[in-house]
Amino acid sequence: MCKRHFAFIFSPRTPTGLLIRMLIIMLPAAVVYMYAVLSSPSDTVNSRPLEIKQNSHTNVAANTLTSLTAKTETEERTLKVPTVKPELPTHNPLPNLQSLTEVATTPTTLAAMRTSTLATTEGILETIKNTNSATSRSNVPELQNKPESAQNTTTTSLPKTFPEHSANPLLNPPSIENRTKVPLYLGPFIPPKNMESPFLANKTDMLLTPGPYIPPKNMEFSDDSPVISQFKIQTGVSPDVSKLEVKSACPFPTLDVKDPDIMQYYVKYPRLKCDKEPDWVTLNRGVFGLTKAAVEKHANISCDLYPILKLSDFKVAEGEPIRNVQPGTTNYHDFYRVTCTADGGGSNYENWHAGIRYDDTIQKRDVTPNPRGLDVDVIMIGLDSVSRLAWQRHLPLTRDYFVKVLNGIEMEGYNILGDGTPAALMPILTGNREEDLPEARRGYPGAQHVDHFPWIWKDFRDAGYVTAWGEDVPHLGTFQFRLLGFTEQPTDHYYRYFTLAIEQYYYNLTSFCLGSKPRHTIFLEYMKELFYIYPKKRKWFFLFHSEMSHRDNNFLSQMDEDLYEHLKGLHSEKQLDQAILIFLADHGARFSTVRATAQGKQEERLPYFGIRFPEWFHQKYPNIVENVKNNSKKLVTPFDVHETLHEILNFTGTEKANISKRGVSLFKLIPDERNCDWAHIDPHWCACMEWTKIGLDDPILKRVTKKIIATFNNLTKPFRKECAILEIINVTSAVMLKVKDAVLRFRDTSDGGRGRFGKMDDKTEHSKILYQVVLTTKPGDGVFEVTVTHQLKENKLEVNKKDISRTNKYGNASHCVVNKEPFLRPYCYCKDVMKT
């Protein structure tokens, strides 16, 4: 039982609710209290890593401490080498790699593992190498009848042993002549440290060894930062309550897109420019080709293609090269590393390329359409950490075209359900919160891979759709960063394998580029290719981009023109004529200076969501379009998006939505009565509360802060030998949140059906008040945002762990509990750090 259930009991809306209330009153108060305590959820605090890039010359001391501590801890850590079960896509003509399951599973120290894994791996790879000779491209059914000269070998050729450390491709990228002998690393993916780091000289830290996947440090998403925040919290600022409009049970404040506190951090960057030398190669329309610029400049170009093959959700390898590929050759893989030579001496080319393969199995897949389905493609494009107003600030070209030309509809009340990307995407893609699904967190008892979750793409695939899912930052993967990922390829086309292959080379490339193209345009072109390869099949795909916005929204301005031109191109080519297009974000900025402002906190809870229907759809389904327009002013959640996707497959009508359900289709009219309780949004994340500033000298605030600090120290009490006792340095701001009195008094409309004015004679009283406090603790200068619930009838204060947010970085300060109790990292300041 949770807080919203108490609200339902003590504020009944139906005869059933009133009956439940009467039954509860008959029970002893002590039983009610104990039941509530024993039934309260114990969610851990889960978040994406904190990635604000620090100034290297000001953080040498902090980084040194982090590096030395992490190294000592890593050497002493006991690890368990997992069983490797490389699952290969059905389209890959690879040998049986069953021998890879023989990797040792005995627990061992990392130091011992480093001395033993090379020998183990040598035997495994030798077995693979011996089996490769019996398998060739000729085993592909569509090639069996081709002449031998046309059958290019694609068997996997793996090294007998791992290359020596001095030959590590992360440190010394091989030359064109030798590159064909060095496949991609087969161990767990660990992105390289920043080449500009002062500690790069200690190259032994970068030795790649097989072992469990460990979320790595990364040059552009660094977590090596001091504990003290570098941004200033806005003191004593709270939202302008006078701007709240009482139109529904969930009023949203009027936020200013040019809010001064946010605009002081606004930067507009020019369009991203990459290498001047144009790419030589294309994989457009499912075939290999040479660009016009390359043909005009170079003579006798000869290219070899190395297919990127999946071993697991964290490992890829290169197949045997396809030599001297001719323009017009069909692509049978989505991703390749390409090397080319040309006459003239020194004319060499190497790059990675993405396209859509020809797959006869998908092309011939049987289609059993639902007669109640809407028969449209579904295109979903997501951006990380972008609020609705940030989308307007940083993507004006794209947004204007979407709204003014394509008649897209923006959901002004799209509200997050929790912290981080999984809390946003899991409800969309499965209809569940993460805690509702089987345990999948790495290191937790009984954890399993996520293959068997009820993914929405399975329903679309069963309905005959071609499916695709992709993210562009593999080490931050939504289902891989904390979770165990997939064992099987989840969708027909899966962009992750490409990014696993290329991310380790980013340090040697122009920022955000791959060759002559920005990486985000390669991402978008990959999506566009799906239209060309499957022109007559229904398509569902969702591509989620993080690299340009995860740590700083300002970088989005570098991709605005590209995204606008991509959208314009899809429209001009009529690719959108049979598609529902959805733009969305997971949440607003979480780890930036913007998040520290009063409005920034609200924007975090209100990410971007826009939906666009084809022109014919407005005439055929006018009620759907009208309902979506009306719902754009209502409270909407990711659960509703999931229900809407189901509605595309099985349309059930446009009647009034039943808000007693957690998720409702956006195609149905959402009633004004819907609030955060109905939508199952915890108060901590609800953007439609009434905010009232309270004085920092208010007596209730002293009681609230005492409860907060006691909660922090009780959480770390079992680890008191490692974790210091926290104290409050100062309270930055405090606001009171409660349901508006007008909502409690509203009973029914009485204005002749217009629905504007009504009877305001209900006697419902407040059952609870919430206090949201921003405070700083010592040691460590931790900045926390905490929601405390005041149960008025019991006069009791409650703090739930899921209502606590650490809003600045804690770096290495909590290293002593990382492996013991990771969820304590925000609250634990290790005593040994204090001594140093």
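This is a predicted model: local features need pLDDT of at least 70, side-chain atom pairs count only at pLDDT 80 or more; totals for chains, interfaces and linings use all residues.
The same helix has a number of residues hidden from the surface. D560, D562, L563, H566, L567, G569 and L570 of α16 are buried. An α-helix has 3.6 residues a turn, so residues three or four places apart point the same way. The buried residues of α16 pack against the helices α10 (388-394), α11 (396-405) and α15 (519-533), and also against the strands β14 (517-518) and β16 (579-585). Just after the helix comes K574, whose phi is positive, at about 65 degrees.

Backbone angles of interest are found elsewhere as well. R285 is not a glycine, yet its phi is positive, at about 55 degrees. This residue sits in the loop between β3 (281-282) and β4 (289-290), and R285 is exposed because its relative accessible area, 53%, is over 50%. N300, in the loop between α8 (292-297) and β5 (302-310), is another residue other than glycine with a positive phi, near 50 degrees. With 58% relative accessibility, N300 also counts as exposed. A further backbone feature is the cis peptide bond from K778 to P779, with omega near -5 degrees. P779 belongs to the loop between β22 (768-778) and β23 (782-791).

Turning to the cysteines, the count of disulfides comes to five. One of them joins C676 to C686, with 1.9 Å from S to S. The link of C676 and C686 is right-handed, with 75 degrees about the S-S bond. Both C676 and C686 lie in the loop between α20 (638-649) and β18 (690-693), ten residues apart. C676 is buried at 5% relative accessibility, and C686 is buried at 2%.

Another disulfide connects C723 with C828, at an S to S distance of 2.0 Å. The torsion about this S-S bond is about -95 degrees, so the link is left-handed. C723 is in the loop between α21 (699-716) and β19 (727-738), while C828 is in the loop between β25 (804-806) and α23 (831-835), 105 residues apart. Both C723 and C828 are buried.

The sulfur atoms of C816 and C830 are 2.0 Å apart and form a disulfide. This link is left-handed because its torsion is about -95 degrees. C816 and C830 each lie in the loop between β25 and α23, so the pair ties together parts 14 residues apart in sequence. C816 is buried at 15% relative accessibility, as is C830 at 0%.

Conventions. Residues are numbered from 1 along each chain as its sequence is written. Side-chain values use heavy atoms; hydrogens and water are left out. Helices (H or I, at least four residues) and strands (E, at least two) are DSSP runs, numbered from the N terminus. Buried means under 20% relative accessible area, exposed over 50%, partly exposed in between (1.4 Å probe, protein chains only). Contact means heavy atoms within 4.5 Å. A disulfide is a pair of cysteine sulfur atoms within 2.5 Å.
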